[in-house]
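Dear colleague,

My notes on what was found in it follow.

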Amino acid sequence: MESCPSIKNILLLDSEGNRVAVKYYSDEWPNNSAKEAFEKSLFTKTQKTNARTEAEIAMFESHIIVYKFVQDLHFSVTGAENENELILVTVLQGFFDAVGLLLRGTVDKKEALENLDLILLCLDEIVDGGIILETDANVIAGKVASHNIDAAAPLSEQTISQALATAREHLARSLLK
Amino acid sequence: MAQPLVKKDDDRDDEADYSPFLGIEKGAVLQEARVFNDPQLDPRRCSQVITKLLYLLNQGETFTKVEATEVFFAVTKLFQSKDIGLRRMVYVMIKELSPSADEVIIVTSSLMKDMTSKTDMYRANAIRVLCRITDGTLLTQIERYLKQAIVDKNPVVASAALVSGIHLLQTNPEIVKRWSNEVQEAVQSRAALVQFHALALLHQIRQNDRLAVNKLVSSLTKGSVRSPLAQCLLIRYTSQVIRESANNNQAGDRPFYDFLEGCLRHKAEMVIFEAARAITELNGVTSRELTPAITVLQLFLSSSKPVLRFAAVRTLNKVAMTHPMAVTNCNIDMESLISDQNRSIATLAITTLLKTGNESSVDRLMKQITNFMSDIADEFKIVVVEAIRSLCLKFPLKHRSLMNFLSNILREEGGFEYKKAIVDSIVILIRDIPEAKESGLLHLCEFIEDCEFTYLSTQILHFLGIEGPKTSDPSKYIRYIYNRVHLENATVRAGAVSTLAKFGAMVDTLKPRVFVLLRRCLFDNDDEVRDRATLYLNTLGGDGAVVETGEDVKEFLFGSLDIPLVNLENSLKNYEPSEEAFDINSVPKEVKTQPLAEKKAPGKKPTGLGAPPAGPPSTVDAYEKLLLSIPEFANFGKLFKSSAPVELTEAETEYAVNVVKHIFDGHVVFQYNCTNTIPEQLLENVTVIVDASEAEEFAEVASKPLRSLPYDSPGQTFVAFEKPEGVPAIGKFSNMLRFIVKEVDPSTGEAEDDGVEDEYQLEELEVVAADYMLKVGVSNFRNAWETMDADCERVDEYGLGPRESLAEAVNAVINLLGMQPCEGTEVVPNNSRSHTCLLSGVYIGNVKVLVRLQFGLDGPKDVAMKLAVRSEDEAVSDAIHEIVASG
């Protein structure tokens with residue numbers, strides 16, 4: 001236990017267990033079929049649980065997995081059996097909240113796939129080769145979004161739903177203040 | 001018909017399955033990647049194509065070498081664009097492609113330019129990419145920049161350099177170690193995560209320098225570490241220092257304990273938990289030290305967050321194994337967790353309660369568990385069953401309610417592993433708690449009335465055959481057993497026939513009825529069932545007369561097959577049908593030591609109905625054939641045992657010699673395996689001169705020299721000794737290799753005609769008591785032990801003095817006796833203060849020997865041992881004690 005806390009993988013699956021975006025940092029899963037098998041067993045073990053308000057936790061195949069669902073998306077972070085569960089859940093929460101910020105509140109599979117570049121950059125900013133880079137959702141989202149300032153579409157090009165989401169978010173922010 | 005189908009498809013495309021990547025295809029995307037080569041780059045479009053490529057890789061698609069190279073070169077073109085978002089995607093793409101060394105050169109200059117850029121984001125990412133794909137030579141070029149980056153005032157850049165350092169330390173430690181001054185400075189950074197990364201790297205650089213780690217810990221525990229993650233690291237390093245210093249000073253307060261306790265009041269939960277866990281894992285933690293940690297964990301138990309509850313209950317569960325009393329305060333909180341939504345938490349809570357519960361709470365607990373069992377998965381149920389088993393062994397008076405619980409869950413739905421766990425538990429309880437026997441056997445009988453698993457049915461029938469006849473009313477089991485003959489498949493029917501025969505053999509009053517039943521089995525449509533019925537009718541004297549069952553018959557029915565099945569199988573395969581009947585005594589009994597791979601397997605004890613260990617094929621056959629082919633040794637009789645080779649020379653000497661000791665009843669043959677490692681020499685007439693002056697009971701009778709020993713082709717020479725028949729004589733032998741050496745011309749390979757006589761001193765060789773012991777396992781130690789005459793038991797106690805550990809002491813005794821450990825008892829659980837080890841073997845003269853060893857720690861390191869030996873001959877029992885006493 002002298003070692004640095006390490007993350008084995010971060011997964012974003014849909015409500016049928018298919019991949020949206022995944023990132024593996026451990027060579028325990030040598031090939032794609034091993035990874036898919038892991039995702040499948042994780043999905044079947046967790047799908048019936050209610051992980052919508054609070055992150056849930058499971059232990060199998062000598063991994064600790066923390067996970068959280070929203071809409072049709074399943075977020076999960078895997079660590080070693082003896083890892084501090086609360087560190088894993090901090091990473092999960094950072095990922096979860098950063099995606100929420102980047103997708104401006106509309107977190108579902110459709111939106112995630114449409115902004116897959118943001119999700120991938122987000123994963124890249126959270127963990128580097130298994131070592132935790134950053135866990136603060138605001139910082140993560142800030143780092144990802146700052147690169148896209150000039151790429152951000154003007155308001156006229158946004159879909160109605162996006163515009164509504166933005167408006168909702170602004171409203172929520174102002175209410176919170 | 002076709003119309004609605006098509007329509008349905010359309011609907012689905014429109015709604016549920018919409019995806020921007022629908023119908024994406026690798027070939028098309030690779031075509032699209034050509035836009036990277038456009039003179040006028042469209043950053044937006046390029047980003048989209050990269051996202052598509054990344055999507056494909058993410059979905060498990062692979063690029064061929066050519067495709068990857070092509071994409072890589074195209075992507076490098078994108079460094080021309082000044083678009084920040086696109087550059088960011090380029091970095092990710094390069095990392096995903098992990099280019100080969102010759103490709104890396106293409107991007108090196110671009111990345112080095114970015115590394116020195118004014119934009120923080122470029123610097124940070126360029127460092128991460130470059131360090132990921134670089135090799136050692138390039139690293140020395142960029143080392144200067146990396147050192148600067150570590151102390152960069154932008155935390156993102158510093159973290160990028162530090163994390164890259166942690167990765168590079170695995171491949172290029174000597175370079176990264178030169179950065180320790182900068183890393184040291186970064187540890188003092190005000191940025192939380194920089195501190196965390198710097199601390200991790202600094203510790204890894206210095207991890208082999210105990211003093212430096214100690215210094216690092218003492219200075220940081222005094223100061224303030226800002227980031228919770230860094231604080232967690234510091235806690236881990238602190239426990240490491242505590243662990244290592246504990247070996248040196250036993251007395252006084254534990255250093256740094258105050259720091260750990262202070263962390264229990266930290267504001268971040270992850271730090272509180274890390275500290276609490278570290279305290280519970282301290283070596284030899286006292287209950288005073290434990291209390292504050294248990295208190296915070298108890299608070300976590302009632303948290304609204306499942307992860308927090310899980311972490312706490314998992315840690316408390318571990319504590320309960322070693323300090324059950326310390327956890328009892330949490331019992332009320334634990335009980336409320338039995339109904340937790342998260343089944344992992346509920347299971348951990350139950351098993352913890354089962355460990356800490358006292359006798360009076362058992363009944364209440366069982367009631368709660370019964371409700372809970374129906375809605376958890378089999379894997380959790382098995383954990384609960386195992387916990388209940390150990391609880392029952394702890395409180396034997398409660399066997400009634402616990403046995404009832406087991407029989408209830410046995411009736412419910414469940415998979416094979418789960419059912420096996422329950423049956424195993426019942427069997428163990430029957431064996432260990434005499435009062436539970438009758439009810440347990442009846443539960444098993446009811447279970448086989450409706451059991452879908454052939455394996456479990458046959459195992460239970462076998463067990464019934466052994467235990468059933470010894471009960472007060474054996475006749476009540478007959479119905480259950482005979483029902484199997486009517487209702488089950490052939491394997492179970494055959495098992496039932498054997499069990500019936502055992503009842504017939506043991507209970508004289510039942511014999512006539514058993515005969516009637518067995519005769520009915522003669523008309524079974526399966527060969528095996530009919531054969532068994534015929535066999536048992538004949539051995540038990542089924543001609544109507546009720547006779548006393550003979551000893552041979554009992555031995556045949558109840559004695560364990562003391563031959564490893566693999567050996568029997570080999571011998572049967574080698575047997576050629578002839579006039580001569582197959583002789584079971586010709587099957588070697590030696591269990592070969594298990595291969596390493598098997599030993600590494602987790603030390604799971606084969607409990608309950610566990611089968612005897614099956615040894616891999618032995619080489620005894622080969623040795624026996626070799627020895628029989630030498631006329632001098634042909635009349636020595638049957639080979640009793642061959643030892644493993646013992647080296648008589650150091651590694652890498654001129655001549656390599658090892659010896660195998662072959663033990664016969666009245667003789668010992670040493671087989672010297674010699675190898676000549678000098679290409680310029682040919683050895684002839686090689687013999688070993690053995691001086692047996694320290695082995696009084698041995699007399700040399702024959703020696704078989706080796707005619708010629710060319711370079712690098714091993715040969716054997718033998719020396720035979722006579723010794724008193726059947727006596728385990730021991731002694732020491734000194735050996736001298738004598739030979740005629742001839743020079744060889746390496747170019748032609750021809751040896752000179754004239755040779756010189758020479759000698760070469762070998763190490764001494766000993767014949768020890770263990771050489772007279774065959775490793776022969778028994779399938780059921782307890783049974784075998786009880787059937788052995790108690791008059792031949794010899795018990796004595798020994799002090800083994802200070803030993804490294806209990807496990808080391810157990811191993812030493814097993815090796816000294818050279819016997820086969822039974823039922824996995826050679827494995828000593830961690831931290832245990834006492835251990836019982838069961839050994840079995842066959843001593844020279846074919847005397848079965850069973851040994852029960854009880855070890856206990858007496859004081860910190862002293863090991864005491866109680867040795868109980870049973871054998872067929874009391875002289876042998878005494879001999880075993882002599883071996884231990886003199887060993």
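**Findings**

Gln71(A) is placed in the loop that links strand 4 to strand 5 (73-80) of chain A. Please bear in mind throughout that the model is predicted. The phi angle of Gln71(A) is near 45°, a positive value in a residue other than glycine. With a relative accessible area of 53%, Gln71(A) is exposed, the cut-off for that class being over 50%.

Glu61(A) also has a positive phi, of about 50°, although it is not a glycine. Its place is the loop between strand 3 (56-60) and strand 4 (63-70) of chain A. Glu61(A) has a relative accessibility of 49% and therefore counts as partly exposed.

Lys8(A) belongs to strand 1 (residues 7-14) of chain A. Beyond its neighbours within four places in sequence, Lys8(A) is in contact with Tyr24(A), Tyr25(A), Ser26(A), Glu28(A), Trp29(A), Ser62(A), His63(A), Thr78(A), Gly79(A) and Ala80(A). The C-alpha atoms of Gly17(A) and Glu39(A) are 7.1 Å apart, while the two residues are separated by 22 residues in sequence.

As to chain A as a whole, it has 6 helices and 7 strands, which follow one another along the sequence as β-β-α-β-β-β-α-α-α-β-β-α-α. The chain has 177 residues, of which 54% count as buried. Its accessible surface comes to about 7,500 Å², and carbon and sulfur atoms account for 53% of that area. Of the contacts in chain A between residues at least 6 apart in sequence, 51% join residues at least 24 apart.

The largest nonpolar core has 245 residues, and those touching the most other members are Ile10(A), Phe36(B) and Ile369(B). Helix 2 (residues 85-102) of chain A gives the largest share of this core, 11 residues. A second, separate core has 64 residues, including Leu648(B), Cys674(B), Leu683(B) and Leu762(B).

Helix 2 of chain A also packs against chain B. Its axis comes within 9 Å of the axis of helix 18 (residues 306-322) of chain B, and the two cross at roughly 165°. These two helices are therefore roughly antiparallel to each other, and the crossing is right-handed. On the side of helix 2 of chain A, the contact is made by Glu85(A), Leu86(A) and Val89(A); helix 18 of chain B contributes Val307(B), Leu308(B), Phe310(B), Ala311(B) and Arg314(B).

Within chain B, helix 21 (residues 343-356) and helix 23 (residues 378-394) pack with their axes 9 Å apart, at an angle of about 5°. Helix 21 and helix 23 of chain B are therefore roughly parallel to each other. Among the residues that meet there are Ile350(B) and Leu354(B) from helix 21 of chain B, and Val384(B) and Leu391(B) from helix 23 of chain B. Ile369(B), leaving aside its neighbours within four places in sequence, is in contact with Ile350(B), Leu354(B), Val384(B) and Phe405(B).

Yours sincerely

Conventions
Residues are numbered from 1 along each chain as its sequence is written. Chains are lettered from A and ligands numbered from 1 in the order in which they are written. This is a predicted model: local features need pLDDT of at least 70, side-chain atom pairs count only at pLDDT 80 or more; totals for chains, interfaces and linings use all residues. Side-chain values use heavy atoms; hydrogens and water are left out. Helices (H or I, at least four residues) and strands (E, at least two) are DSSP runs, numbered from the N terminus. Buried means under 20% relative accessible area, exposed over 50%, partly exposed in between (1.4 Å probe, protein chains only). Contact means heavy atoms within 4.5 Å. Accessible areas come from the Shrake-Rupley method with a 1.4 Å probe; for residues, only the protein chains shown count as cover. A nonpolar core is a set of buried Ala, Val, Leu, Ile, Met, Phe, Trp, Tyr and Cys residues joined through side-chain atoms within 4.5 Å. Axes are lines fitted to C-alpha atoms, for helices over the stretch in contact, and angles run from 0 to 180 degrees between N-to-C directions. Angles under 35 degrees count as roughly parallel, over 145 as roughly antiparallel, 65 to 115 as roughly perpendicular and the rest as oblique. A crossing is left-handed if the near helix is turned anticlockwise from the far one by less than a right angle, and right-handed if clockwise.
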